[in-house]
Amino acid sequence: MCYKMSRIVTVCLLSVALIFSLSINSGAADFPSKPVKLVVPYGPGGGTDTIARIISGVIPQYLDQPMVILNKPGATGTVGTAEFKKMKADGYTLLINDAAAMSIKPQTNKLPYQPGDFKIVTQINEAFYLLSINADRPYKTIGQFIDYAKKNPGKIKYSSAGVGHIFHLAMEQAAKKAGIKVTHVPFKGTGKAVTATLGGHVDAVVCYPNAVLEAVKAGKLTPLAISAEKRQPVLPDVPTFIESGINYSGRGWKAIFARKSLPSDKYEILQSAFLKLQNDRAFKKLMKGLGEIIAVTPGEKFEPVWLQEYKDLGDLLTELGMKK
Amino acid sequence: MFSELVPGFLLFFNLLNLSFISLGVFLGIIFGSIPGLNAIIGVALVLPFTFYMEPDTAICLLLGIYKGGVYAGSIPAILLNIPGAPEAAATAQDGYNLTKAGKGGKALRASIYASLIGNVFSDILLIVVAAQLAKLALKVGPPEMFALLLFALTIIGAVSGANFSKGLIAGIAGLFAASIGMDVVTGVSRFTFGIFELSGGIPFLPMLMGMFAISEIFIQTEQKIGEGIQIHKVSSETKADSKLKWEEFAPCLPSIFRSCAVGALIGAIPGPGATTSAFVSYALTRQFSKNPEKIGTGSIEGVASPDAANNATCSASLIPVLTLGIPGSPIAAVIAGALLIHGINPGPMIFENNATLIYSFYFGMLFASFLVFIFGFIAIRTAIKAVQISRSILFPIVFILCFIGTYANNSRGLDLIIMTLFGIVGYLMRKSGFSVPAFVIAFLLGPTMESAFKQSLLIGDGELSIFIHRPIAVAFLVLAILSAYFLKRQRDRLKTLGF
């Protein structure tokens, strides 16, 4: 009886071991061989999530595997990023993120991760910061806005998606360059900031253009200036800060991140799949519909930009007293 | 406007759309009635499939899930004191008390009728006056929001049960618990004690599930196994107790319509959501009801009014995204994403560029509201049968479902730990006479109230007078004071009467 039992147990264990060994894929030759997960450190339906879902709809043809979205919201993208850091660096999980959680928060808050834990697969898009005002305000151009602010320091209230967020820092930089003092009223997310501006509770809002495009078209918000180096096709009548005499330019971005320890063969396979998005017709069409500018830059080229931005933001945060 | 009515109807009225709305409502009801799962998960799950559908079909499916989910949360709330979805937490108060008194069927019927009224009311509002309602909602800025939520907080007085001081302590504990995490206005992490996972704050859904569901299950384990299902008495109801008479329902109508209005307005404001509107309308009902002391103890009005409000919030929450392009709630954000992916830009221009689609959308909404009503009755009957299973089988099943449902939200082990911890906390609170609803209400409303206060001060240049200069804010502040005053008077009166 015992002999028979141990025989059965042995066979079972061996079969289990066999099955396991068959399912372990160490060769990059058949990578990816199961769906790839993309962690979105924000809730469903937001800007990052929508772009992630567009990617997940288009990239399977280049990866030969489906892509699954995992939403892990919390604390401006930091909770999801921290969780991503704990996931296996086997190439089957990636992260889409932006400067808020990757460049700013690591410098203002104590976090269990830092930029050095990750490497960029590709950039995905770039976006510029737009300053818009409630259309009923007495100042109608960026010049008048600045004049008013100089005469009434601190009186103009601008809203943004939160303290220490990219938009907040962008506006602080621009205000400094313009030599004016404005008051920041933070909200939880761009949606609420735009709403407060539409309702006239604050005077201005700083955000990405696609959040206010419809309100601008309906004449409820007046766009004053954009942080690009030249005018943007999405709002061709809006001057840049630079041409208005304010030496400020800046841009936001989203990128696909992998853990630093991801083996380079898998990294290259993933990267070449993502790079194909740049010329994919469906991707271009969908991103254009969102008002997004595609910028699928390879990680090696974008990482120095990211790290430089990290350093520059660090200096700004120290000046603002926000560095931890 | 009406030129698009017929094309809109024709676009909507086909077998595919009708099937998908039905599927949506069905899924929504299932997701809504299982504690832990809710409409948002349902919507997020089917979202990838909607990319391959036509926009009108996709929206039908998503809407169906949303409406079904919001309604169905009331079913376990009433029968088991376990809200299936956060917005049903207010319904649980009176609903469960009615069930304990053997009138569960009445409560369920009141809930479904009120939900239908809420749904249709805000559907019509959306169709007819979306733009105007959006404008009205925009007038609610931080000072108004603060005052509104302060007023809503006074409902703690009503749900505190016998001991008001304990209720107050529970409320303060809730406010404190809500402050844990990264603050929106200052960016500072508070009370996280170095545990990074807490920087997002204590997650609301696991906490709610713990405080209501898990603690209830713990309490149920104290009942002898041999005892039958007298807890519910739903099976042993007399016919009279399970049917809802018009004479009982009609007096609730003023509360119901007021709650519809509140739910629609709060839905039209980006931010608060169905749970807030349920509690705010609950507070208002208590304020203006003819029998205020009955609210919280088992009154039909106390069931009907939060349910009317939270269902009214459903369609209304689409108003900001359709009229302004701003998603005001997670569901609206998902629907906006689904529209964007189909190349449709939500915002004021959508009424001009996609009028036919919008009209088919309106028909879909109305159809979904009625389907919720019809499927809801089936759900009620199923639920009543389901809770008649022996308690020793029912509650373990519910227990497991809570874990699965809560984990399904974010696939995070921390959520389950939080749920269990708060299950223990809730159990201890209930055993010592501290009000769990008071804690939850304060937890829910506290953070928004605090941010609104700070934002108001920033807007008002640090002057508290900003609150006095805004008429809507003043109105709510006055209501808050009145509410507190009347609550105190009621309690004193009840004390002298020997309660």
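Here are a few exercises on a predicted model, each with a worked solution.

**Exercise 1. Get an overview of chain A: how many helices and strands does chain A have, and what percentage of its residues count as buried?**

Start with the elements: chain A holds 12 helices and 11 strands. Next, take burial: 52% of the 324 residues of chain A count as buried. For the dimensions, the C-alpha trace of chain A spans about 95 × 45 × 35 Å along its principal axes. Finally, look at contacts between residues at least 6 apart in sequence: in chain A, 74% of these join residues at least 24 apart.

**Exercise 2. Work out the strand order of the open sheet in chain A, and say which strands stand at its edges.**

Then zoom in on one pair: S1 (residues 36-40) and S3 (residues 93-98) of chain A run parallel and are joined by 3 bridges. Within that pair, Val39(A) sits opposite Leu95(A) of S3(A).

**Exercise 3. Decide whether Asp265(A) is buried, partly exposed or exposed.**

First find the residue: Asp265(A) belongs to helix H10 (residues 264-275) of chain A. Then count: Asp265(A) has 13 C-beta neighbours inside 10 Å. Buried takes 20 or more and exposed takes 12 or fewer, so Asp265(A) counts as partly exposed.

**Exercise 4. Find the two domains of chain A and describe where they touch.**

The assignment gives domain 1 as 35-126 + 252-320 and domain 2 as 130-226. Their C-alpha centres lie 27 Å apart. The contact takes 13 residues from domain 1 and 11 residues from domain 2 of chain A. On the domain 1 side, helices H5 (99-108) and H12 (299-320) of chain A each supply at least two residues, and H5(A) has the largest share with 5 residues. By type, that side divides into 7 nonpolar, 4 polar and 2 charged residues.

**Exercise 5. Describe the side of chain A that touches chain B: which element gives the most?**

Begin with the totals: 46 residues come from chain A and 44 residues from chain B. Elements giving two or more residues on the chain A side include S2, helix H2 (47-58) and helix H11 (281-290) of chain A. H8(A) gives the most, with 6 residues. Sorted by type, the chain A side has 20 nonpolar, 18 polar and 8 charged residues.

Terms used. Residues are numbered from 1 along each chain as its sequence is written. Chains are lettered from A and ligands numbered from 1 in the order in which they are written. This is a predicted model: local features need pLDDT of at least 70, side-chain atom pairs count only at pLDDT 80 or more; totals for chains, interfaces and linings use all residues. Two strands pair if DSSP finds at least two bridges between them. Helices (H or I, at least four residues) and strands (E, at least two) are DSSP runs, numbered from the N terminus. Two residues are in contact if their C-beta atoms, placed from the backbone, lie within 7 Å. Ala, Val, Leu, Ile, Met, Phe, Trp, Tyr, Cys and Pro count as nonpolar, Asp, Glu, Lys and Arg as charged, and the others, Gly among them, as polar. Domain bounds come from an automatic or database domain assignment.
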